Structure formats: C-alpha cells, structure tokens
Amino acid sequence: LYRISETSCIRQLSLETIKSFLLLGHLHESQPLMEACFDFVRNNAARTLTDPDIVTLAQEHATLWSKLRMAVSNEEGTEK
C-alpha cells in the first residue's frame, strides 16, 4: 500500500501538488517521493521556485527548504 501510494503521488506531481508532496515525502521519509519531487523542481525550476506558495517553505519548513535547495543545485539531487 505504501509503494502504491508513493507511485500515485509521483504520477500526480504538478505545480499545484508539489508543495504537498514535498511535505508528505519529508514527513514519511519517502526517498522515492522526495527524489521525484526534487527532479520535478529541478526540471521546472523557473516556475516552481518563483511560486509564492513554494517560497513559503523557507520559513515554514527550513530543513525541507534546505534539502530542496541542495537537491536543485546538485546534479544527482542527493545530499552529500
């Protein structure tokens, strides 16, 4: 059920869902979902990182924002 839910979330990634799925992935420590979210943000950086709703993560969830920034600036999207 967990994997099915992850897959469903990954398939539904969009500008409208990215923040919710980033938060879910972070909360449930879902590496596949987090990587898919990071890939989405990396591939849509101009639209995603200028979205006011996404930018609020910097203050609402500083740890997640830091991971996102690191992933976007890192080609593999993984922490090192």
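The following dialogue examines a predicted model of a single chain and the terms used to describe it.

Reader: What makes up the secondary structure of the chain, helices or strands?
Author: The secondary structure comprises seven helices and zero strands. Read from the N terminus, the order of elements is α-α-α-α-α-α-α.

Reader: Why does the radius of gyration of the chain agree with that of a compact globule?
Author: A compact globule of 80 residues would have a radius of gyration near 12 Å, and the chain has 12 Å, so the two values agree. Along the principal axes, the C-alpha atoms fill a box of roughly 35 × 30 × 25 Å.

Reader: How much of the chain counts as buried, and what is known of its accessible surface?
Author: Of the 80 residues, 36% count as buried. The accessible surface comes to about 5100 Å², and carbon and sulfur atoms account for 55% of that surface.

Reader: What share of the contacts with a separation of 6 or more joins residues 24 or more positions apart?
Author: The share is 57%. A contact here means heavy atoms within 4.5 Å.

Reader: How far apart are the mean positions of the positive and negative charges?
Author: The chain has 8 positive and 11 negative charges, and their mean positions are 2 Å apart.

Reader: How do you know that the span of helix H3 agrees with its number of residues?
Author: Helix H3 covers residues 31-43, which is 13 residues. The expected span is 1.5 Å times one less than the number of residues. For H3 this rule gives 18 Å, and the end C-alpha atoms are 18 Å apart, so the span agrees with the expectation.

Reader: Which residues of H3 are buried, and against which helices do they pack?
Author: The buried residues are Leu33, Met34, Glu35, Ala36, Cys37, Phe38, Phe40 and Val41. They pack against helix H1 (2-11), helix H2 (18-27), helix H4 (45-48) and helix H7 (62-73).

Reader: Why is Ser30 called buried?
Author: A residue is buried when its relative accessible area is under 20%. Ser30 has a relative accessibility of 3%, and therefore it counts as buried. Ser30 is located in the loop between H2 and H3. Apart from residues up to four places away in sequence, Ser30 touches Tyr2, Glu6 and Gly25.

Reader: Why is Glu29 called exposed?
Author: The term exposed requires a relative accessible area over 50%. The value for Glu29 is 70%, so Glu29 is exposed. Glu29 also belongs to the loop between H2 and H3.

Reader: What is noted about the phi angle of Glu29?
Author: Phi of Glu29 is near 50 degrees, which is a positive value in a residue other than glycine.

Reader: What makes His26 partly exposed, and which residues are in contact with it?
Author: His26 is placed in helix H2. Beyond its neighbours within four places in sequence, His26 is in contact with Met34, Thr63, Leu64 and Lys67. His26 and Lys67 are 41 residues apart in sequence, and their C-alpha atoms are 9.6 Å apart in space.

Reader: How do you know that Met70 is partly exposed?
Author: The relative accessible area of Met70 is 33%, between 20% and 50%, and Met70 is therefore partly exposed. Met70 is found in helix H7. From C-alpha to C-alpha, Met70 and Phe38 are 9.5 Å apart in space, while in sequence they are 32 residues apart.

Definitions and conventions
Residues are numbered from 1 along each chain as its sequence is written. This is a predicted model: local features need pLDDT of at least 70, side-chain atom pairs count only at pLDDT 80 or more; totals for chains, interfaces and linings use all residues. Side-chain values use heavy atoms; hydrogens and water are left out. Helices (H or I, at least four residues) and strands (E, at least two) are DSSP runs, numbered from the N terminus. The radius of gyration is taken over C-alpha atoms; the globule rule is 2.2 Å times the number of residues to the power 0.38. Buried means under 20% relative accessible area, exposed over 50%, partly exposed in between (1.4 Å probe, protein chains only). Accessible areas come from the Shrake-Rupley method with a 1.4 Å probe; for residues, only the protein chains shown count as cover. Lys and Arg count as positive and Asp and Glu as negative; His and the chain ends are not counted. The place of a charge is taken as NZ of Lys, CZ of Arg, CG of Asp or CD of Glu.
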